[in-house]
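Colleague: I have a chain on my screen and would like to talk it through with you. Could you bring it up so that we can look together?

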Amino acid sequence: NLNVHGNLHANGTISADGSITFGANTSDNVVFNADINSSIIPNTNGSFDIGNTTMYWSNGFFESIKVTAAAALGMTALEIDANDADQAAFTIDGEQTTVAVMRIDADALTTNSAAVFDDNSASTSARASVQIVQDNAAALAATALKLQSDGGVTGMTLDKNYTDVS
């Protein structure tokens, strides 16, 4: 057993077997001045968070992100709550040439939609709730919007319910 009261400085490689606890209070800090050279894996699946509802990480830089929601999760797998009024909630900047930049597969969908864009703002300002822009005049064979419906009776429905006729 070794108890150190005060500061401890060690040179060289430090190895420890067994569990390690850093800090005893939320006011304690762990500071890394080096790269992390291993995976960070939780001890119990789905039990631990990174950050919380009041303390956020600033930026995350990842090569790839995969989100898997367990069948009994009971919550949204990915939620983006963007409160900065003059910045986009998310941007996809894809450099793909032969595959879709974004794809939504809804293989088990029964009664809802694969995507919903809901603009419920009461603002009377002119705006496009959904905008599709094919913005290169040289792209002679490009199609701005293609709809394909292989099943069902209706291929497309437009429903305009404007009630403020005055």
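What follows is a short chat about the chain, its surface and its salt bridges.

Colleague: Happy to start simply. How many helices and strands does the protein chain have?

Modeller: Keep in mind that this is a predicted model. The secondary structure of the protein chain amounts to zero helices and zero strands.

Colleague: And what is the radius of gyration of the protein chain?

Modeller: For 166 residues, the globule rule gives 15 Å. The chain is well over that, so it is more spread out than a compact globule. Along the principal axes, its C-alpha atoms fill a box of roughly 80 × 45 × 35 Å. The radius of gyration asked for is 26 Å.

Colleague: What share of the residues counts as buried?

Modeller: To count as buried, a residue needs a relative accessible area under 20%. The accessible surface of the chain is about 17700 Å², with 49% of it belonging to carbon and sulfur atoms. Of the 166 residues, the buried share is 0%.

Colleague: Nice. How much accessible area does the nonpolar surface patch have together?

Modeller: Its members include Phe62, Leu78, Phe90, Val101 and Met102. Val101 is partly exposed, at a relative accessible area of 45%. Together, the patch residues have about 1100 Å².

Colleague: Which residue forms a salt bridge with arginine 103?

Modeller: The structure holds two salt bridges. Arginine 103 is exposed, because its relative accessible area is 65% and the cut-off is over 50%. With 2.8 Å between the closest N and O atoms, its partner is aspartate 105.

Colleague: And which residue meets arginine 127 in a salt bridge?

Modeller: Arginine 127 is partly exposed at 41% relative accessibility. The N to O distance is 2.7 Å, and the partner is aspartate 119.

Colleague: Last one: how far apart are the mean positions of the positive and negative charges?

Modeller: The chain has 5 positive and 19 negative charges. Their mean positions are separated by 13 Å.

Key. Residues numbered from 1 in each chain as written. Predicted model: local features only at pLDDT ≥ 70, side-chain atom pairs only at ≥ 80, totals over all residues. Heavy atoms only, no water. Helix = DSSP H or I, 4+ residues; strand = E, 2+ residues; numbered from the N terminus. Rg over C-alpha atoms; globule rule 2.2 N^0.38 Å. Buried < 20%, exposed > 50% of the residue type's maximum accessible area, 1.4 Å probe, protein only. Areas by Shrake-Rupley, 256 points an atom, 1.4 Å probe, with all protein chains shown as cover. Lys, Arg positive; Asp, Glu negative; His and termini not counted. Charge placed at Lys NZ, Arg CZ, Asp CG, Glu CD. Patch = residues over 30% accessible without salt bridge, like charges linked within 9 Å, V, L, I, M, F, W, Y side chains within 5 Å. Salt bridge = Lys/Arg side-chain N within 4 Å of Asp/Glu carboxyl O.
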